[in-house]
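Me: Can you walk me through this model? Keep it short.

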Amino acid sequence: MECFEHAKSNMLRALLRRVALSLLTLVMLATFVFLATEVLPGDALDVTLSADEMSAMPPQRLAAMKTELGLDRPVAVRLGEFLWGLAHFDLGRTLISKVAVSQIIAYPMRNSLLLAATTLLFALPLAVFLGVCAAYAHRRSTDKWVSTLSLIGYSVPEFVTGTFLVMWLAVSWAWFPATITADTRATAMTLLQASPLVVLTLLIGSIAYLTRLLRVGMVDALSSDFVERLRLTGIPEWRIVWRHALPAAAIPTLSAMALYAAALVSGIVVVELVFSYPGVGQELVRAISKREVHVIQAIAITSAAIVVAMNFLADIAILALDPRTRQP
Amino acid sequence: MSRFFRHLLRNPLSGVGIALVGLHLVVALAAPWLIPHDPYQLKDLPFAPPDTTYLLGTDEIGRDFLSRVLIGGRSCLLVALVSGALAALGGGLLGLFAAYRGGLWDEVISRVVEMKIAIPSILFVSLFVTGFGQSVVVLVLVIMLIKMMGVIRTARAQGLVLMSQGFIIAAKLRGESASRIIVREMLPNILDLLGVEFALRTSSALLLVSTLSFLGLGLSPPTPDWGLMVHDGLQSIRSQPWLILVPAGCITSLVVGINFATEGVVDAFGMEYARGVAGH
């Protein structure tokens, strides 16, 4: 009983450490985004105005605008205000048109999250299945096929996969629409019905990536001593694979979760542009062309926060699966 | 060494990979002599079909497409190679430094790496492109920063293993400086690792550069670039599909080639390390 209590307090301490680290990462992230866009290249107005607009504007007027926008205050004050706003989920307003940034990115964000969730829903079970099959057939033909195909799937850029699918399934066969005409505020169902090719493109890259990770973990797990010992005790093979080896193999995959989640967001941005899907990718490119620096900041911070959150969940799963990580 | 080559050649895929990379490098180097026409000059009507003068026809404004494809790998290869090399070297040194110093330095470096990994590459580039404008120098530096983070992690882990070994302890006792120990004692021991990192980072840098060009955030027109060509080809996807297929095939075969070749080399070295665990 005492031992159990001890384990519980270890778990709690490890959990709190992860929470603190995630929060620290978020603060560093926001600071970095602020420095990269509003301090190093000048201030927000310098970034928003193009070089032509800058030179056309009389210096007094520029100075007056900066005072009005509060950009003449010291960097530390502006950074503090920025972080304080974020802590209250306030993403600020656009510099010129004064629209709330949260209002601009809310629907695109929802639409992109829909893509991410659908992709994960299909990719995870398929990748687990393929990874386990490949590892079980280690260095035999199933393994070679899965490894080779997944290396190819992982090497092809998403914009190429997406474009090929459009050419093949939408242009040559006309099975699917080539671009999506659904509105930004369309219901989730309408959007998903319009975008089978978008999800398919994302799935190819995701399955390839996750399968490779899982296969490596599974090969190691299956050749480890503890699996050998389980085999000697006569536990059925399927039970060893799914009940004992898979949880151990999931750990390296879970620790690469941040990398995968970040790659998925990048993939979504690209694929949205190939298919004109109304999500953050479209919004990002629009904001870059309009030089709306606060929208770009908000998209970067929100996406990164989602990645941090996914990594946090993966860390907790590792804590639950692997008792060694609970040691202080 | 001969065992290494035998092992390498026994795996047909690594042979295919090395051949693809070799072919791409030769074409990229020899492109100025291979191109039949000036890739920047308007030659004929837009979207002219392939004929004997223009083997792949002309592009959307009438430039010779074959010449543009042949020369289109140079800029993205150069950006990827330079940023891949800088990332491998810089990341290697920083990772070893973190392992050597430990304590606060290690903690700070690890936190920064973790923070950077949370920002998706395309958004990371967008932030810098917004702030500093679009130029090749900005592109190389930003991609180097992105690709460096994974190298720091690997080099740090390897550095921690080295730290407990006799020759490092001996060097410390001799009173050698930190920079000397890191560069002279530790770095040579992770060169094979950094070589693999260089290959992996270059291939993922290539993916990133071509994707950025496709999005209009990377190399800018009129530079011939495969990513840009795929983007420009979308408008004629029905009538001239080869304007997309050829550059898309080029970029894909190059990245697949590097990854096959790297995997073959890693296997032949017997390095269990990094099988497929390279970040995008």
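Reply: Read along the sequence, chain B runs α-α-α-α-α-α-α-α-α-α-α. Helices here are DSSP runs of H or I with at least four residues, strands are runs of E with at least two, and both are numbered from the N terminus.
Reply: This is a predicted model: local features need pLDDT of at least 70, side-chain atom pairs count only at pLDDT 80 or more, and totals for chains, interfaces and linings use all residues. Residues are numbered from 1 along each chain as its sequence is written, and chains are lettered from A and ligands numbered from 1 in the order in which they are written.

Me: How many helices and strands in chain B?
Reply: Chain B has 11 helices and 0 strands. Its C-alpha atoms fill a box of roughly 75 × 50 × 30 Å along the principal axes.

Me: What share of chain B is buried?
Reply: Buried residues make up 49% of the 280 residues. Buried means 20 or more other C-beta atoms within 10 Å of the residue's own, with C-beta atoms placed from the backbone.

Me: OK, α11(B). How many of its residues are buried?
Reply: In α11(B), 20 of the 28 residues are buried, so the helix is mostly covered. α11(B) reaches 40 Å from its first C-alpha to its last, close to the 40 Å expected at 1.5 Å a residue. The expected span is 1.5 Å times one less than the number of residues.

Me: And which residues are buried in α4(B)?
Reply: V113(B), E114(B), M115(B), K116(B), I117(B) and A118(B). Helix α4(B) covers residues 103-118 and reaches 23 Å, close to the expected 22 Å.

Me: Switching to the interface. How many residues does each chain put in?
Reply: The contact takes 41 residues from chain B and 49 residues from chain A. Contact means C-beta atoms, placed from the backbone, within 7 Å.

Me: Which helix of chain B gives the most?
Reply: α5(B) does, with 10 residues. The chain B side divides into 25 nonpolar, 11 polar and 5 charged. Ala, Val, Leu, Ile, Met, Phe, Trp, Tyr, Cys and Pro count as nonpolar, Asp, Glu, Lys and Arg as charged, and the others, Gly among them, as polar.

Me: Last one, chain A. How do α10(A) and α13(A) cross?
Reply: Their axes come within 10 Å and cross at roughly 155°. Axes are lines fitted to C-alpha atoms over the stretch in contact, and angles run from 0 to 180 degrees between N-to-C directions. α10(A) and α13(A) are therefore roughly antiparallel, the word for angles over 145 degrees.

Methods: A residue is buried if 20 or more other C-beta atoms lie within 10 Å of its own, exposed if 12 or fewer, and partly exposed in between; C-beta atoms are placed from the backbone. Two residues are in contact if their C-beta atoms, placed from the backbone, lie within 7 Å. Angles under 35 degrees count as roughly parallel, over 145 as roughly antiparallel, 65 to 115 as roughly perpendicular and the rest as oblique.
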